[in-house]
Amino acid sequence: GRQRAGVAGVLLLLERPGEALRRFGEAEAYGYDPVHYAADRALAFDLVGDGARAQRDYRLALTNAGGDAEVRRRYALSLANSGDRDAALAQLAPLLRQSDRAAWRVRAFVLALTGDLAGAQDIAAQMLPDGMAANLAPFFRRLPQLSAVDRAWAVHLGQLMPTPERLADARLAPSLPPMPPEPRAQPPVQL
C-alpha cells in the first residue's frame with residue numbers, strides 16, 4: 001500500500017490526478033492508512049472536481065499534520081472554490097498573522113474566487129513588485145467564469161485551459177460511491 005501511495009504522489013506531481021486517485025484507492029485497499037497521503041489525495045480530488053472529498057481529506061491531513069501551512073493554504077483554496085469564503089479566510093488567518101507571504105497570495109486567490117476582484121487586486125498590488133500586480137488582473141477576472149475543475153487547476157497549478165492530456169487523465173479518475181457521513185468525535189463518557 002505504501003508503494004501505491006508513493007506512485008500516486010509521483011503521478012500527482014506529474015499533474016495526473018485521475019490516475020493518482022486510482023493508485024490512492026489501491027493503497028487504501030492494501031490497508032495503508034489514508035492519514036499518510038490525505039494531503040496529496042485531497043489535492044487530487046480538488047483537481048478532478050470532488051471538493052467535498054478533498055475538504056474531508058484536508059481536514060484529516062491537518063488533524064494529523066498539526067497545521068501544515070501548505071495543506072492549510074490548499075484547504076483554503078478548496079473552500080473558496082466551493083464558495084465558502086468565510087471558512088477559507090478563517091483557515092488562512094493564523095498564517096497571515098505569521099506574515100506567511102504564500103498565504104497572502106492565496107488570500108488574493110480566495111477573494112478572486114469569491115468575486116472580490118478589487119480586494120484580490122489590492123493584495124496583489126501590495127505584495128508584488130510594480131507592474132506584476134497589473135498582470136494578475138486578467139487572471140483574477142477570469143477565475144469566477146471558470147468551472148470548478150478549471151478554477152482548481154488555475155489556482156493550484158496555474159493552468160486556465162484544459163489540455164488534451166488533462167482531459168485524458170480525468171477519464172482515469174475512479175467512479176466513487178456517494179460519500180458517507182464524516183465520523184464525529186464522541187464526547188467523553190462521564191462516570
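1. Ring pairs join F24, Y32 and Y37 into a cluster. Rings of Phe, Tyr and Trp (its six-membered ring) pair if their centres lie within 6.5 Å; planes under 30 degrees apart count as stacked, over 60 as edge-to-face and the rest as tilted. By this rule there are six aromatic pairs.

2. The model is predicted: local features need pLDDT of at least 70 and side-chain atom pairs pLDDT 80 or more, while totals for chains, interfaces and linings use all residues. Residues are numbered from 1 along each chain as its sequence is written, and side-chain values use heavy atoms, without hydrogens and water.

3. The rings of F109 and F140 have centres 6.2 Å apart and planes at 70°, so this pair is edge-to-face. F109 belongs to helix α7 and F140 to helix α9 (residues 132–142), 31 residues apart; helices here are DSSP runs (H or I, at least four residues), numbered from the N terminus. F109 is buried at 9% relative accessibility, and F140 is buried at 1%; buried means under 20% relative accessible area, exposed over 50% and partly exposed in between (1.4 Å probe, protein chains only).

4. Helices α6 (residues 85–97) and α7 (residues 101–113) pack at about 165°, with axes 10 Å apart. Axes are lines fitted to C-alpha atoms over the stretch in contact, and angles run from 0 to 180 degrees between N-to-C directions. The two helices are therefore roughly antiparallel (over 145 degrees; under 35 is roughly parallel, 65 to 115 roughly perpendicular and the rest oblique).
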